[in-house]
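Q: I would like to learn how to read helices, sheets and cores in a protein model. Please take the features one at a time.

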Amino acid sequence: MKEHVTKLALIRILADGQFHSGEALGQQIGISRAAVSKHMKVIQEWGLEVHRVQGKGYRLAAGFDLLDEAQILDQTDCSSLSVIPVIDSTNQYMLDRIGQMPKGAVCLAEYQQAGRGRRGRQWLSPFGSNLYLSMYWRLDAGVAAAMGLSLVVGLAIAKTLRQIGAAEVKVKWPNDLYFQDKKLAGILVEMSGKAGDAAHLVIGMGLNLTMAMTDTEVVGQPWSNLAEACDPMPERNQLAAALIAGMTETLQRYEEVGMAGFVDDWDQFDNFLNRPVKLLMGEKVVRGIARGINPQGALLLDTEQGIVPYLGGEISLRKDD
């Protein structure tokens with residue numbers, strides 16, 4: 001973290017979206033103009049679009065609100081909150097600290113150097129463009145009780161986003177949020193625990209906010225930003241606080257009613273309900289009409305053989321073109 005102090009100080013100054021000369025930046029932080037230029041190159045590698053204009057200096061393409069631990073805690077209760085601007089992975093940070101954190105602990109980051117998605121895929125994590133959040137949760141009922149957890153977390157996030165004005169946000173089985181048939185957010189639940197013991201869960205979420213469209217090739221599928229789905233956009237600390245509150249409340253309810261208590265909610269938010277879809281299972285493709293989920297969280301697919309449940313694993317759901 002120490003090696004990033006100067007870069008983060010520069011970003012805090014530039015976050016206002018105004019021009020700042022290299023000389024003024026250097027004087028404020030106590031470094032040379034040459035050092036400012038060197039740090040700017042790394043900041044650009046982090047995904048921030050920096051404009052440099054002769055005679056004016058540097059500015060970001062757009063100003064933004066930096067995550068602030070105190071502001072978030074002012075707006076929601078959280079058992080433990082860590083805001084770490086630059087991190088390898090918020091999920092890995094939490095996994096490394098299982099047993100040391102209270103239930104409901106949260107880690108937030110501005111930039112992930114090694115963000116990951118489902119099945120080990122890279123999760124594109126440019127600085128300040130999105131929201132990267134991981135929460136620790138303990139289920140005393142054990143590993144089996146965690147079945148379907150990514151579905152209820154998706155519902156929690158979708159409900160929260162609708163409450164702040166993103167009326168068309170929906171969920172995609174088993175772990176994505178969609179806006180107009182394009183991916184808006186992804187969820188990664190990682191678990192540790194033995195049979196008969198409590199389940200220790202790290203629930204990671206990456207939510208696109210204002211990510212540049214030039215990143216499409218890296219993502220590998222159609223995607224959207226919350227800025228498209230919600231006008232006006234909430235301030236980032238307000239959004240983080242609302243998501244923490246929504247996830248905590250939903251996980252508490254999940255402990256009481258289980259997956260069966262969320263089936264009706266899922267139908268209201270399901271992006272593909274009663275639509276033709278295909279399931280990708282390795283080399284195998286199964287086509288049918290999506291009919292929601294069952295009380296175990298399995299996808300119900302209406303096929304020539306009737307309605308068949310499919311559950312997690314290596315299954316990927318796609319719209320059937």
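Q: What do the buried residues of α3 pack against?
A: They pack against the helices α1 (5-14) and α2 (22-29) and the strands β1 (50-53) and β2 (57-60). Packing here rests on contact, which means heavy atoms within 4.5 Å. Helices (H or I, at least four residues) and strands (E, at least two) are DSSP runs, numbered from the N terminus. This is a predicted model, in which local features need pLDDT of at least 70 and side-chain atom pairs count only at pLDDT 80 or more, while totals for chains, interfaces and linings use all residues. Residues are numbered from 1 along each chain as its sequence is written, and side-chain values use heavy atoms, with hydrogens and water left out.

Q: Which residues of α3 are buried, and which are exposed on the other side?
A: Buried means under 20% relative accessible area, exposed over 50%, and partly exposed in between (1.4 Å probe, protein chains only). The buried residues of α3 are Val 36, His 39, Met 40 and Ile 43. They cover an arc of only 115° around the axis, which puts them on the same side of α3. That arc is taken from the directions from the helix axis to the C-beta atoms. Ala 34, Lys 38, Lys 41 and Glu 45 are exposed on the other side of α3.

Q: Why do residues three or four places apart point the same way in an α-helix?
A: An α-helix has 3.6 residues a turn, so residues at that spacing point the same way.

Q: What span should helix α3 have?
A: The expected span of a helix is 1.5 Å times one less than its number of residues. Helix α3 (residues 33-45) has 13 residues and should span 18 Å; its end C-alpha atoms are 19 Å apart, which agrees. After α3 comes Gly 47, whose phi is positive, near 110°.

Q: How do the strands of a sheet pair?
A: They pair through backbone hydrogen bonds, either parallel or antiparallel. Two strands count as paired if DSSP finds at least two bridges between them. In this model, seven strands form an open sheet with mixed pairing, in the order β3-β4-β5-β9-β8-β7-β6. At the edges stand β3 (81-87) and β6 (169-172), each with a single partner strand, so one side of each is left without a neighbour in the sheet. The twist averages 20° from one strand to the next. Such angles run from 0 to 180 degrees between N-to-C directions, and the axes are lines fitted to C-alpha atoms, for helices over the stretch in contact.

Q: Which strands are joined to β5, and by how many bridges?
A: Strand β4 (residues 106-112) pairs with β5 in the antiparallel sense over four bridges. Within that pairing, Tyr 132 in β5 is the bridge partner of Ala 109. Strand β9 (residues 199-208) also runs antiparallel to β5, with ten bridges between them. Leu 131 stands opposite Leu 207 in β9, and Asn 130 has Asn 208 as its bridge partner there. Strand β5 (residues 130-139) is mostly covered, since nine of its ten residues are buried.

Q: What is the order of the five-stranded sheet?
A: Five strands form an open sheet in the order β13-β12-β11-β10-β14, and the pairing is antiparallel. The edge strands are β13 (306-310) and β14 (315-319), each pairing on one side only. Five bridges join strand β12 (residues 299-303) to β13. Leu 300 stands opposite Pro 309 in β13.

Q: How many residues does the largest nonpolar core have?
A: A nonpolar core is a set of buried Ala, Val, Leu, Ile, Met, Phe, Trp, Tyr and Cys residues joined through side-chain atoms within 4.5 Å. The largest one has 65 residues, and those with the most contacts inside it include Leu 131, Ile 157 and Leu 207. Its largest share, nine residues, comes from helix α6 (residues 149-163). Apart from this core lies another, of 18 residues, among them Val 36, Leu 60, Val 86 and Phe 127.

Q: Is Leu 151 buried or exposed?
A: Leu 151 is buried, with a relative accessible area of 3%. Its place is in helix α6. Leaving out residues up to four places away in sequence, Leu 151 touches Trp 173, Pro 174, Met 259, Trp 266, Ile 293 and Gly 297.
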